[in-house]
Each structure stands twice: as structure tokens, then as C-alpha cells.
Amino acid sequence: MTHWIIAPVVLPAIMAPILLMGARHDMVLARIFSIASTVALLGIALALTTMVSDGTILTYALGNWVAPFGIVLVADRLSVMMLVLTAVLALAVLFFAIDGSDRDGRHFHALYQFQLMGINGAFLTGDFFNLFVFFEVLLIASYGLMVHGGGPARMKAGVQYVVINLVGSTLFLIAVGMIYSVAGTLNMADLAVKVPHIAAGDQALLQAGALLLLLVFCIKAALIPVHFWLPGTYANAPAAVAALFAIMTKVGAYCVIRLYILAFGADAGAATWLAAPWLLPAALLTLVLGMTGVLAARRLGQLAGFAVIGSMGLLLTSIALFTPIALSAALYYLLHSTLAGAVLFLIADLVARRRPGHEDGLSVAPGFTQLKLLAGAFFIAAIAATGMPPLSGFIGKLLMLDAALDSVHAAVIWTLILGTSLIAIIGFGRAGSTLFWKSTGEPGSFPEHAEKNSLSLIAIGLLLAGCVGLTLFAGPLTTYLDATAEQIFATDQYIEAVLGNTVLPGGSL
Amino acid sequence: MEFLLSSAVGLLTAAGVYLVLRARTWPVVLGLALLSYATNVFLFATGRLVLNRPPVISPEALAYTDPLPQALVLTAIVISFAMTAVIVVMALRSFLESGSDHVDGEDQPVPAENRESTEGRA
């Protein structure tokens, strides 16, 4: 049992109070601590990657209480991959934030570390009550980050965001209660053992609970019909926070992958593949709505929000097929869409700051400072986000289309993915040409933007380099992701690793 | 007792859902509080309703009540209590900044002096 597994939760949990109490008045110190902590998180995540890359599943029983009675953390390939992604994104976004926007309000860095603690915990936990607790940790931090800097529009969007998430938390608890009342366990591996033996009379409670839980994860993942909170929230949140939130939708996707393959997957008796018939239509509708929203958006920030919704639809379409090959494609697209979605929010913010009066509205206005540089960055980001060759979005979509060939719904999925890609290309093309090309010929000028924002540009460069890296190393990466997907579908390994020899004889309570 | 408990959960949930769907923030906050009460009572029932039984091992006990839901409810109470405080503060701040306590804030125009101070950050 290695103690490194709990480090991604403990480190930010210690760092945040230090930032809150020790570095409250000293912004330089706070920035140094915050970056050091995030770099350390990346290091830990990479070290964990080397430990799990041979297929071992590490478990950590808190207080040495054995599962299923104690709380257990589990690190397998999927969890650790999400940790690495979180750390990479968090580091790049932090560079953007320390370029000035962390001064807009108080305690940015402390909230940021709490946010990372919640996200990391959600990826590592092995039981779904602690999943609820870590969801709350990351949500509470996100409420603070969301209204960082204040302002009426942001507070209004913040209140709506809190209300929808509190309702989500209520549903989460009810769902946990329903599942616990029939399965008698909160441990995911133990649940996977017990679900096939649930009596027929209790199936209704179990399945209703599981589907309610799916609804909660779909709220997080912004799937139709519970997607409506996302565009307003992301467009009104500070850019650095919106970019970090790109990983939060993926927390929902991660939970769907984890729970609905492990506990409600192939061996779940009457509840076999419980999520599939609900998830696929919702995901396809989300894909259409998101990409149509890209075309209809009037602000760049809104456009980025709808691009995130569309990418979540695409991601969950591939997950909803519930095959290893489709899951591997989905994981590749997950890595890509997190980076590509985040960079769009950062670019939108830099553009908005340079166009006082117009902000990031898709309107023709005079040219602004660093126009060519930002236009180039937007061009690359748009190529990645729409899935045009040669960047990673293209490879991700290609892998998904290939994986969907075996599905009975292949025709629908192909039509919608290709059709929405075209709509997205038109939407991004229209936005880019309005903002960058038409603007150059316009008479008049904005006041010279004094800041060079070099750190922000480095952050954007890092995220774009991530997309390029995903493209260049697509070969080894897909091999690794294939192994990850196979490990997720080999649920026996997970159960064996968590419960070890303590597997209790299954049976109804 | 089963009827009492289930009707309490049902009533609290119904009232909570109704209030959450109101247009102003204060009823919404009350609705969220009622929903969390309903959830707490519901969670308590997931361990089955048992009267006068200890939750921890004792030599005299003939039967036990499930201790786990009690721990869950305790966690849920703490979290929902803190969340109610957060949403009250945010609703108040939103009202003070925009001059409207509508959840979508669209019933009254925003006073001009407030709009000035935050221009460019929207």
C-alpha cells in the first residue's frame, strides 16, 4: 500500500489553508505557493502513472479499515490519467490567472487549491458517498471561484449555478440512499458484487436510484435536458475559472464511465447496461444542440460554452456505446476536448480585454493590440475544437467514427457527428472572420492595451502545445488508452484489487 | 410510523420543489432548505425504521439499528447547512449588486450607477 495515492488530495488540502492564513496579504507568496503545489501535483500524478502503467490497480484503505467497511481510494489507469490531465490543465490556467486576474477578488489561490482537492478526490475515491463529499468540496470551491471578482451579471449567474448544483446534490443524496437501501453498501466494488443478486422486488428501487444518479452526473456533464446552466455560468465566470471548469464537466463523464461499467455493466443481472438506452439519445441531442449553439452564439465566451456542451455530447455518445474500443476513443477525445475547450475561454478573455465597449461580442470593430497573435491562437484552437485535420480533434473524431461502425445506430451517429462538425466549422469560421479579419479594415482604433499579457499567452501556448502533443504522440497514447479501456471493462480486476480476499458472499439482504 | 415518515418526506419535497421553482431568490433558498430536510429524513429511512435499538455493539442489545445512514445524515446536514449559508450570502450580494432579487434578474432594469462600476467585466 503506497501512501502516494492520497497525496493528490492531502497536498492541496494542506496548501489551501496555508494560502488562506499565511499568504493572505502577500500575493507574490500566494502565487509561488500555488504554482509550487500545482507543479507538485503534476509530479505526483506522473509518478502514479509510472506505478499503474503496468496494469496494477493501487488501493489505499484510510485508517487501515478494510473495504467495504472502510473508506478506500483506488488508483487505476483511468483515475491517474484524469489526475495528470487535471494537473496539466490547472498549471496552464494558473499561469493565466497570475497574470493579473487573481487580484480581482480575494482568496483566489486558496479556492483554487480546494477545487483541485475536490476534483482529485472525485477521481480517486472508491465509494460513492465519498464521491458525493468530494463533489461538494469541488462545488463549494467552484461557487467561490465562479463569483471571483463580482459584478451583477456574474453574481446572478453565480446564484443560478449554486441553485442548480444544490438541487443536483439533493438528487445525489436521494439516489445514494435508494441504492444503499437495497444493496446495503456504498463501496463501488462491493456494489458491483451485490447488484447481480438484488431480488426482483428491489430492482425498481435499485434501477431508479442508479438512473437518478445518472441524472446527477449528467447535470455535471451538461447533457440534455440538464445542460442549460452551462452557457450562462461559463460565459459569466472569470476566464481562468471557466477554463478550469472544463475539467468539471469531465468529472461527470468520469463517474458515468466508472460506475455504469463497473456496477451496472455486463454482469449486472437485471440491471445490465442500465445507462445505455438513456445516455445515447441524450448525448446525440446534446451534440446537435451544442454545435448549433456554436453557430448561434453572439459572444466568443458563449461560443466556447456551447463548444464545450457539443464536445460533451460527442464524448458521451462514444461512452454510451459501452465497448472498449469506443471507450478508448472517448478517452482520447476527453483529453483533447478539455485542453481545446479551456483554451477557447482564455482567448475569449484576452480578446474581450482589448475591445472595451465591444468585449468578446461577435461584432465588427476596429483592430486591437496583438490582433495577429490572438488570431493565430484562435485559428489553431478552432481547428482543434472543430475536429479538422491535422490536430487532435480530428484524430479523436476519426477514432470515434471508427468505433461507432459496429453499433446498430452507426448510421445515425455518423450522420450527426459529421453534420455537427460542419455546423461547428461554419460557426467557428464566422466568429473568427468577424472578430479578426473584418476588424482589420475597420476605421478607428481601441486605446492601446498596455499589458502584454505574456504569461496569459504562455498559458494559451501551453494548452495549444498540449493539443499538438496529443496529435504527435497519438500512436503510443492510443495504445495506452486501449489498455486503459480494457482495464475498465475487466471489472473483476477492480473488484479483486479493492475487496481482495474479503469478498463477501453475494446475496440479497 | 411508516406513514408519518413517508408523508413527511413527500410533503417536504413537494413544498421544496414548489418553492425552488419560484422566481425570487428568497423562496428558492427556503425551497432548497426544505428539500435538504426531506433528503435527510429520507436518508434516515434507508437503514429501515427501527425503534429503540442501539446503533453500536453492546452486550445487552437484541437487535441493532443501521448506524451508517445516521453518519450519512450527519454529513448531509453539515453540508446542507453550510450551503444554505452560502446561497443566502450570494443571493443577498446579487440583490445588492443588481437591485433585483429575481433569479434571472430580469424584472427591473439595473440601476445605472451599479452598471458603471462593473463595466467591462460582464
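**View 1. Thr386(A) sits in helix H14 of chain A.** Helices here are DSSP runs of type H or I with at least four residues, strands are E runs of at least two, and both are numbered from the N terminus. This is a predicted model, where local features need pLDDT of at least 70 and side-chain atom pairs count only at pLDDT 80 or more, while totals for chains, interfaces and linings use all residues. Residues are numbered from 1 along each chain as its sequence is written, chains are lettered from A and ligands numbered from 1 in the order in which they are written, and side-chain values use heavy atoms, with hydrogens and water left out. Thr386(A) has a relative accessible area of 3%, so it counts as buried (buried is under 20%, exposed is over 50%, partly exposed is in between, using a 1.4 Å probe and protein chains only). Its side chain reaches back to the backbone oxygen of Ala382(A), at 2.7 Å. Skipping neighbours within four places in sequence, Thr386(A) is in contact with Lys397(A), Ser421(A), Ala424(A), Ile425(A) and Phe428(A) (contact means heavy atoms within 4.5 Å).

**View 2. Asp102(A) and Arg31(A) pair up through their side chains in a salt bridge.** The N to O distance is 2.9 Å; the rule asks for a side-chain nitrogen of Lys or Arg within 4 Å of a carboxyl oxygen of Asp or Glu. The two partners come from distant parts of the chain, 71 residues apart: Asp102(A) from the loop between helix H3 (77-97) and helix H4 (108-124), Arg31(A) from helix H2 (residues 27-52). Asp102(A) is buried, at a relative accessible area of 0%, and Arg31(A) is buried too, at 16%. Over all chains, the structure holds 7 salt bridges.

**View 3. Here a salt bridge joins Arg299(A) to Asp360(A), at 3.2 Å from N to O.** Both residues lie in loops of chain A, 61 residues apart: Arg299(A) between helix H11 (276-296) and helix H12 (300-320), Asp360(A) between helix H13 (324-354) and helix H14 (371-386). Arg299(A) is partly exposed, with a relative accessible area of 24%, whereas Asp360(A) is buried, with 7%.

**View 4. Over in chain B, Arg24(B) and Asp101(B) form a salt bridge at 2.4 Å, N to O.** Arg24(B) has 36% relative accessibility, so it counts as partly exposed.

**View 5. Phe217(A), Tyr260(A), Phe264(A) and Ile319(A) touch the most other members of the largest nonpolar core, which has 220 residues.** Such a core is a set of buried Ala, Val, Leu, Ile, Met, Phe, Trp, Tyr and Cys residues joined through side-chain atoms within 4.5 Å. Beyond its neighbours within four places in sequence, Phe217(A) is in contact with several residues, including Leu131(A), Phe135(A), Phe172(A) and Tyr260(A). Another core, of 6 residues, lies apart from the largest one; Met15(A), Leu19(A), Met27(A) and Ala110(A) are among its members.

**View 6. Chain B meets chain A through 34 residues of its own and 33 of chain A.** Between chain B and chain A, the rule finds 0 salt bridges.

Methods
A polar contact is a pair of N or O atoms within 3.5 Å; within protein, one must be able to donate a hydrogen and the other to accept it, and residues adjacent in sequence count only if both atoms are side-chain atoms.
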